[in-house]
Amino acid sequence: MALPDSITTCLSQPVHYAICKLGFEKKDTYNIDTILSGNREVCWPAVTEHVCYLESDQSVDYIKSIRSLGPVCESVNLYFKSLTKEQFVIQYASWFCWTNCTEVFLEVFDVLQSTQATEVALGLMKLTSCLERALGDVYLLKGNDCPFLLRDLLASEQLADVFGQAVMNVLRVFIGSPHGLNLRNVLWHGFASPQEIPAKYCAMLLFLTAGLGQLLQTYLLQTKSVLVHRPYVIFISLEELDAFPGNEILSIAEELVKHSSFVLKIMLPFWIAALTAFKQSRYADSVILLLPQLEAGLRLLFTTTNKCPNRLLTAESSALYTTFDEMLAKHLDNEEVNQLPVVLEEPAMESIFESDFLWDFLNHQEGPRIRDRLSHGEINLETFPREIANQIVGFAITFLCRFSDEDMFSLKEHMVIKPLMNCASCYQSRFHPISRLKKQVLECMKSIHLWPELATVPEEQEQKIKGLEGNTEANTLILMISEIISQLQHYIPQNCCSSDDPINSVLTERLLVELCDTRVCTLYSPRPVLEVVVILRKISAQCHQVSQQVITGAGLRHTQWLNKTLRSRQRHNYRRMLSSIKFLSPVLWLILLLITLELVSVHSVCKKNPFDYQQYLKFLKSVLRYAENLVTYTSPDKNKWDETIELTKKTLIKIKKMSDGKLMLVHLAT
């Protein structure tokens, strides 16, 4: 791997010039009163006149605009430094209310008074995140689907209608356009070191945000509109994110940071600040600082293993950055195999946990998608969960350990390091669709497991309810289930089944739990695998809904039966429900068993064995239709229990036919 100490910048020469030098070339000084009115509002014409345009097509000339705006930014920075916090709050706090993050912008003012370059960079990252979210809220005053990318948002007609095109062009000089300073991206993607971000640009964006608030207030009054803020993302089931132990590791983390080849020396202040923020319970700050550094460290690995050192630097506006998305992809843009995941699979870690973890926390749609949501302002920074920060810090430390000097052996063997590395080696994806399917199956299983506890008719009353016993239809269905299970026993762990009583010995929690514990490859799942998993998830969800409806319906009908409030037809339906539950429970158990067996076989079959994929999908979709119809028939307003029996019989015949012909994935995988 390239020596991190030898790297002095991750900005390409043109980008470094634009950010660090271009805005300092003009030595003009501006009296702040030329860009502020008497009541301290932003004089936008005095700002927008510094944006220059190309003669050819009247698009923004970013080079000339950065050069022209440089002295203006310096004047704003000096002006803010001349204000006390109280003065700033009195004059400007109200103009930040439109962002729904006033406190963040007031914190940025505090940062500008300090000399800590790391804090300025952090403040700028938080500012751009909150500003983007607020601009998205404004966009929704006139549009429907807010653009995901900041550059598209800033270039939208909707924002130009509210603020004016000239104002939007000023913003695009600083953020959003790859042709401008692009401050948001170079920071959030881990290209800029603390010393490379001039504080005056942070001050200027703070100033512009206040000015946007002034323009927006006028627009809202003129149009009688109301700005509505979208709710923040709220993380639920935080226990699912718990992969690493607590923060005892922080006691030696700083030593690891100083000796790890994963850390670029120019980025060391970011790492130290991130660990300090975590110790101070500033969890959002800690993660905001860490994520770009994880990306920078991985980019160093990526460019080394793929022998493309030039891609360590920021790309020009005509090319793409090397970011998480590409570093985690299976192939490079030239179709060659990406070597980074190969390195992360080395036996030293005994697993591909790094790739799985990164996909879980950053990319999978059902995961927390931390980087996206933080950088786009979707998370309330004040209530950022400690649990998530703990996992990101723990994950970062595993990289520090893995790529640390040999003379750090004693630290690697430290009593708080080893449990962390053990957790890492055991990590399995939690948010890949395959992992979510396993979770669905187990949740559905727990629901069906409650059926035997459902309140039923007292023994002494059973004889009064005709049709409860001697149901030959149910017995026929149970016999079919037994036959199918007998055929599947070869593919089931032998300690989980008995030939004497296939239904009660096989259709158990123990078996489903054991099958769901089977490790299934989730990295780079091919399209056929994902298509199968999508259908299996839908089947599982429908089965769960059936179970919930049975539980609710049985409880309600029992109460009504005790209170003697059931009409004749309702009593008949209640009798049929009690009868049907006897066969419906093993049917749902069987479907869950099939889902799990197919799940643990899907990768090997779809990647290796040729089979009639379309016929198999057709079979799965027929089972899905059965489950969907079952939801309808068992709903409280339908209660079509007679139809349920006939529907189930037809579906079991299809399943048995597939099993007889050994056409399911579990058969083909062996």
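Me: Which residues in α3 meet which residues in α11?

Reply: This is a predicted model. From α3 come I66, G70, V72, C73, E74, V76, N77 and F80. They meet A199, K200, Y201, A203, M204, L206 and F207 in α11. By class, the contact has 11 nonpolar, 2 polar and 2 charged residues.

Me: Why are α3 and α11 called roughly perpendicular?

Reply: Two packed helices are described by the angle between their axes and the distance between the axes. Helix α3 spans residues 62–82 and helix α11 spans residues 199–223. They pack at an angle of about 80 degrees, with their axes 8 Å apart. Angles of 65 to 115 degrees count as roughly perpendicular. The pair α3 and α11 is therefore roughly perpendicular.

Me: Why does Q293 count as buried?

Reply: Buried means under 20% relative accessible area. Q293 has 3% relative accessibility, so Q293 counts as buried. Q293 lies in helix α14, residues 283–305.

Me: What is Q293 in contact with, leaving aside its neighbours within four places in sequence?

Reply: F262, M267, F270 and W271.

Me: How many aromatic pairs are there, and what makes F262 and F399 stacked?

Reply: Ring centres within 6.5 Å make a pair. By this rule the count comes to 21 aromatic pairs. F262 and F399 are 4.7 Å centre to centre, with 10 degrees between the planes. Planes under 30 degrees apart count as stacked. The F262 and F399 pair is stacked. It links distant parts of the chain, 137 residues apart. F262 is in the loop between α12 (250–259) and α13 (268–279), and F399 is in helix α19, residues 386–402. Both F262 and F399 are buried.

Me: Why is the pair of F357 and F395 called stacked?

Reply: The ring centres of F357 and F395 are 4.3 Å apart and the planes are at 10 degrees, so this pair is stacked. F357 lies in helix α17 (residues 353–363) and F395 in helix α19, so the pair ties together parts that are 38 residues apart in sequence. Both F357 and F395 are buried.

Me: Which residues do ring pairs link into a cluster?

Reply: Y79, F80, F88, Y92, F96, F105, F109 and F207. Of these, F80 in α3 and F207 in α11 also belong to the contact between those helices.

Me: How do you know that the charged end of K200 sits over a ring?

Reply: The distance limit is 6 Å from the ring centre, and the charge must also be within 35 degrees of the ring normal. The charged end of K200 is 3.6 Å from the centre of the F24 ring, and sits over it. R299 lies over the face of F191, at 3.8 Å from the ring centre.

Conventions:
Residues numbered from 1 in each chain as written. Predicted model: local features only at pLDDT ≥ 70, side-chain atom pairs only at ≥ 80, totals over all residues. Heavy atoms only, no water. Axes fitted to C-alpha atoms, helices over the stretch in contact; angles between N-to-C directions. Helix = DSSP H or I, 4+ residues; strand = E, 2+ residues; numbered from the N terminus. Parallel < 35°, antiparallel > 145°, perpendicular 65-115°, else oblique. Contact = heavy atoms within 4.5 Å. Nonpolar A, V, L, I, M, F, W, Y, C, P; charged D, E, K, R; others polar. Buried < 20%, exposed > 50% of the residue type's maximum accessible area, 1.4 Å probe, protein only. Phe/Tyr/Trp six-rings, centres within 6.5 Å; stacked < 30°, edge-to-face > 60°.
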